[in-house]
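Q: I have this one open and have not looked at it before. Can we go through it piece by piece?

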Amino acid sequence: MNTRIFIIILAASFGLMILGAVIGGILESSGTVTRETLSSNNIIIILIIYFTLFCAAAFAFVPLAVRFFIVMQIKIGNSEFFFIKWLQAHEHAVIYSFWIFMIIGLCIAVPAAVKDGFFK
């Protein structure tokens, strides 16, 4: 699995989150936009955008972490261990398993967050 695309996604999502926070801080300090002047729909859109960027960063981090772990284990001389050999051979399956686990968590957490008023 090529990690370059995941590095780009991770950097872009972090960059957009930071840029959005800086722009929001500038707009708020200038008095142009405050929480009181924004409509509830605009606040919900901002929350959804940041939540999506966070999810993109989290999903992009998984293949990078798995690959980093494998490469570092090989560099320190653990390439002959069964688990490292198995992990090398089944890297995609491990990544997909983590992603499925994260999706199941999202399927549980997002409806509960909506019910508890996170997007209000």
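Q: Is Val114 buried, partly exposed or exposed?
A: In this predicted model, Val114 is partly exposed, with a relative accessible area of 43%. Val114 belongs to helix H4.

Q: How far is Val114 from Ile9?
A: Their C-alpha atoms are 26 Å apart in space, and 105 residues separate the two in sequence.

Q: What about the helix itself, how many residues does H4 have?
A: H4 has 25 residues. From first C-alpha to last it reaches 36 Å, close to the 36 Å expected at 1.5 Å a residue.

Q: Which residues of H4 are buried?
A: Those are Glu91, Val94, Ile95 and Trp99.

Q: And what covers them?
A: The cover includes H1, H2 and helix H3, which runs over 82-89.

Q: What does Ile95 touch?
A: Leaving out residues up to four places away in sequence, Ile95 touches Met1, Val62, Pro63 and Val66.

Q: What follows H4?
A: Gly117 does, and its phi is positive, near 95 degrees.

Q: Back to Glu91. What does it form a salt bridge with?
A: With Arg67, where the closest N and O atoms are 2.8 Å apart. The pair links distant parts of the chain, with Glu91 in helix H4 and Arg67 in helix H2, 24 residues apart.

Q: Why does Glu91 count as buried?
A: Because its relative accessibility is 11%, and buried means under 20%.

Q: How many salt bridges does the structure hold?
A: Two. Besides the pair of Glu91 and Arg67, there is one between the side chains of Glu80 and Lys85, at 3.5 Å from N to O.

Q: Glu80: buried or exposed?
A: Glu80 is exposed, with a relative accessible area of 61%.

Q: New topic, the nonpolar core. Which residues in the largest one touch the most other members?
A: Phe6, Leu10, Val62, Val66, Ile95 and Trp99, out of 16 residues in that core. The elements giving two or more residues to this core are helix H1 (4-30), helix H2 (40-75) and helix H4 (91-115).

Q: Which element gives the largest share?
A: H2, with nine residues.

Q: Why do such residues end up together?
A: In soluble globular proteins, nonpolar side chains tend to be buried together.

Q: Now H1. How far does it reach?
A: It reaches 38 Å from its first C-alpha to its last, close to the 39 Å expected at 1.5 Å a residue, and it has 27 residues. Just after H1, Gly31 takes a positive phi of about 85 degrees.

Q: Which of the H1 residues are buried?
A: Phe6, Leu10, Ser13 and Met17. What covers them includes H2 and H4.

Q: The numbers there go up in steps. Is there a general reason for that sort of spacing, or what would one be?
A: An α-helix has 3.6 residues a turn, so residues three or four places apart point the same way.

Q: What does Ser13 touch?
A: Ser13 touches Leu53, Ala56 and Ala57, not counting residues up to four places away in sequence. At 3% relative accessibility, Ser13 counts as buried.

Q: Moving on to pockets. How much space lies in the largest pocket?
A: About 500 Å³. It is lined by 19 residues, and Gly20, Gly24, Leu38, Ile46 and Tyr50 lie nearest its centre.

Q: Which element gives the most to that lining?
A: H1, with nine residues. The elements that give two or more residues to the lining are H1 and H2.

Q: Where does Tyr50 lie?
A: Tyr50 lies in helix H2 and is partly exposed, with a relative accessible area of 29%.

Q: What does Tyr50 touch?
A: It touches Met17, Gly20 and Ala21, again without counting residues up to four places away in sequence.

Q: And how far apart are Tyr50 and Leu16?
A: They are 8.9 Å apart in space, C-alpha to C-alpha, and 34 residues apart in sequence.

Technical notes. Residues are numbered from 1 along each chain as its sequence is written. This is a predicted model: local features need pLDDT of at least 70, side-chain atom pairs count only at pLDDT 80 or more; totals for chains, interfaces and linings use all residues. Side-chain values use heavy atoms; hydrogens and water are left out. A nonpolar core is a set of buried Ala, Val, Leu, Ile, Met, Phe, Trp, Tyr and Cys residues joined through side-chain atoms within 4.5 Å. Buried means under 20% relative accessible area, exposed over 50%, partly exposed in between (1.4 Å probe, protein chains only). Helices (H or I, at least four residues) and strands (E, at least two) are DSSP runs, numbered from the N terminus. Contact means heavy atoms within 4.5 Å. The expected span of a helix is 1.5 Å times one less than its number of residues. A salt bridge is a side-chain nitrogen of Lys or Arg within 4 Å of a carboxyl oxygen of Asp or Glu. On a 1 Å grid over the protein atoms alone, a cavity is a set of points where a 1.4 Å probe fits but cannot get out, and a pocket is an open set with protein on both sides within 12 Å along at least five of seven lines; lining residues have an atom within 4 Å of a point. Grid points are joined across faces, edges and corners, and a volume is the space filled by probe spheres set on the points.
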